[in-house]
Amino acid sequence: MSGMSKIVKTITSIAFPFVMIYGLYVILHGHLTPGGGFQGGAVVASACAMIVVAFGSIWTMKKIKENQLSILESIGAIGFIVFAFLGLIILFDNSGIFFKNVFANSVYLFGQSVEYASTTANINTAGTLPLMNIAVGLKVIAGLFVIVLVMAYASNKIKERGD
Amino acid sequence: MNGVVDWLILHSPALIIAIPLLGAFLTILIGKIGPRIRNVFVIIIMAITSFLILLLVNDVFTNGIRTYVFGGGSTSIESSYAIRILFEIDGLNAFIAIIAAILPIVAIIYSWAFMKEHTGLDKYYTLILLMTAGMLGMILTGDLFNFFVFLEITSIASAALIAFYLDKQNSIQAAFKYIVISAIGALFLLFAVALFYGQYNALNMAVIANNISFTFIDKIALVVLFAALAMKAGIVPMHMWLPDAYGRAPASITVILIGTTLASLYGLFRVIFTIYGKYLFSFDSTQMALTLGVLIIILAVVTIVIGVFMALKQNDFKRMIAFAAIAEIGYMFLAVGAALSTYTFERGAAIISASGQMALKGGIFHIFNDALDVGLLFLVAGAVYYAAKETSLNKLGGLARNMKYTTVFFLIGLAAVSGLPPMNGFASKLIIYQSMFQINPLLTIVAILCSILLLAVFVKVFYSVFLGPKLPKFSGVKEVPKSMLIAMGIIASIIVFIGLFPNIFVENIVTPATNALQNATSYIGGVL
């Protein structure tokens, strides 16, 4: 696959940022709206898959290597587990527990408490959950993108060898 | 110092799952530095996990049932709020967890030399750790949906590992078969979970066990769960994936696969004895226990007979051991089925008779022995393959001259798996024979005959692989590297130790497990 026509490439270039932003929105608002790390990550990965389809896997492979993506995926997974460990490690006394939401209702990041009223949703709440959503999102983006990229690249190679 | 140990024991149920998971994803990053550092790292991660398992097991055997709630909150569950992730460890979980502590570390030590020539080892070790985490999750969890999730993790990781020899057509075929069977089994399980959730509004095993009223839907769920878990455990009508998967995977992977199979078997026992325990063994349904027991006995006898006879006609070393492994699973199943069939109602409670108790003990004991015996044989088969690059029994021969230690390890495994003294297989099989004789002599006869046939199978293997004239094409064969010998040595020494002192083992580890198996009330009491 050496890329599609100029029309498709142009439309993809216009649509890509919008899809990307929407996916990132779903990831970041995971604790407030439907969806979360996995769903948003899948949206972003589909934007990346769109690039692969429009510009061809060989062009994309020149821009980003599957090795880098696999490292990114590992970092996402490690991030998730590290956030789970934080509950255990930050409260080193016996009140700490694995997966405990230590940042909720604290002064730190995402630390505000939720108000009991029909107010506008506050993104700065829910403690560890948004962080975990981001970690899962990172893993899903990298994982799905690398699957699509490698499969497209490999089928391209097989086709070349067949000719 | 004591504080740290207490802290570790307190959080060990979570750490046992979390440390292999963290290690799995770190392995990819550390693999970029160098293969030697990565191997050491993986061994350290697994050693820490095994150490934590032993700490937890020791704690459970001394202080009773342990529960751990992820994310905090009180350990007890009110029926209105029964959805949370909770690990509950009693004697039975702890017993199976010991197996899961031994097998992966042995497999990883073995892989050091065994897999050295292959590429893609970063992913190999990552998947091994993932598979171990999944297996441990299946064993420790107290939540039925969680069990399904860990089952899926284990299945996907193992399918990828079975297909590790990508250049061979057969291994991909075996992996495909495995993933299809696993997916069917897992979907069955999910269906049963949905049936429970629809009725009792709960996913926690203890809560379901407490509320179960044995409606028609519960009977369907029992059938579905039984079929799914028996399929994953390799009971005969559903065994077709097992010889392929065991035979085609690298030997180090097969050893962990045995652990996952036994974890599924544990799930089956947990379902029968705990989730359905309260109703199945009550006064008005002892008939039900008898029916279930007879069904299990029939399946077990078929499993043993078919496993042994299929093993007799195999020409491939690993495939033959795989069929022997099926037969061994039949023995555990037989003992448990016989114990179920002896339930009687006395003094206001359903009780297993003394011989049934004994049979249950033998069956549970045999789970442990089977994992070690069959694991050792697979490691030996892997060593033979590593040295001679051949698994066909017709082409091998005369290897005892070049591979002294491996031959000794094979002899230990042979004696253990066919139930010869003084190995551990003798200890558990003798308990099974004795107790079974009081329940039904015919079953004992079948069991002993098949055990003798198993001996015949392995003597044939011993002769055709290790004895016989020196073959010119194997003249350059050398003894396998140290790491593989160490791995086999660890298992062999445990086998001999248990064989020489079975009493210590039965009294301290097996008896708590059988007591926990029969005591559904205390499992429920651990949560409610």
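Modeller: This is a predicted model. Chain B has a mean pLDDT of 87, and 95% of its residues reach 70 or more. The model as a whole scores ipTM 0.81 and pTM 0.90.

Colleague: Why are H1(B) and H4(B) called roughly antiparallel?

Modeller: Helix H1 (residues 2-31) and helix H4 (residues 121-140) of chain B pack at an angle of about 170 degrees. Angles over 145 count as roughly antiparallel. The pair is therefore roughly antiparallel. The two axes are 8 Å apart.

Colleague: Which residues make that contact?

Modeller: From H1(B), they include B:Pro13, B:Ile16, B:Ile17, B:Pro20 and B:Leu21. From H4(B), they include B:Tyr125, B:Leu129, B:Leu130, B:Ala133 and B:Leu136. The contact residues divide into 13 nonpolar, six polar and one charged.

Colleague: How do you know that the length of H2(B) agrees with its residue count?

Modeller: Helix H2 (residues 35-63) of chain B has 29 residues. The expected span is 1.5 Å times one less than that number. That comes to 42 Å, and the end C-alpha atoms are 42 Å apart, so the two agree.

Colleague: Which residues of H2(B) are buried, and what do they pack against?

Modeller: Among the buried ones are B:Arg38, B:Asn39, B:Val42, B:Ile45 and B:Met46. Further along H2(B), B:Leu52, B:Ile53, B:Leu56, B:Val57 and B:Val60 are also buried. The buried residues pack against H1, strand S1 (66-69), strand S2 (86-89), helix H3 (91-114) and H4 of chain B.

Colleague: What comes just after H2(B)?

Modeller: B:Gly64, with a positive phi of about 90 degrees.

Colleague: What makes A:Leu131 count as buried?

Modeller: The cut-off is 20 or more other C-beta atoms within 10 Å. A:Leu131 has 20 such neighbours, so A:Leu131 counts as buried. This residue lies in helix H5 (residues 128-162) of chain A. Leaving aside neighbours within four places in sequence, A:Leu131 is in contact with A:Phe83 and A:Phe110.

Colleague: How far is A:Leu131 from A:Gly87?

Modeller: Their C-alpha atoms are separated by 13 Å, and the two residues are 44 apart along the chain.

Colleague: How many residues does each chain give to the contact between A and B, and how does the B side divide?

Modeller: Chain B gives 13 residues and chain A gives 15. The side of chain B that touches chain A divides into 10 nonpolar, three polar and no charged residues.

Technical notes:
Residues are numbered from 1 along each chain as its sequence is written. Chains are lettered from A and ligands numbered from 1 in the order in which they are written. This is a predicted model: local features need pLDDT of at least 70, side-chain atom pairs count only at pLDDT 80 or more; totals for chains, interfaces and linings use all residues. Axes are lines fitted to C-alpha atoms, for helices over the stretch in contact, and angles run from 0 to 180 degrees between N-to-C directions. Helices (H or I, at least four residues) and strands (E, at least two) are DSSP runs, numbered from the N terminus. Angles under 35 degrees count as roughly parallel, over 145 as roughly antiparallel, 65 to 115 as roughly perpendicular and the rest as oblique. Two residues are in contact if their C-beta atoms, placed from the backbone, lie within 7 Å. Ala, Val, Leu, Ile, Met, Phe, Trp, Tyr, Cys and Pro count as nonpolar, Asp, Glu, Lys and Arg as charged, and the others, Gly among them, as polar. A residue is buried if 20 or more other C-beta atoms lie within 10 Å of its own, exposed if 12 or fewer, and partly exposed in between; C-beta atoms are placed from the backbone. pLDDT is the predictor's confidence in each residue, from 0 to 100.
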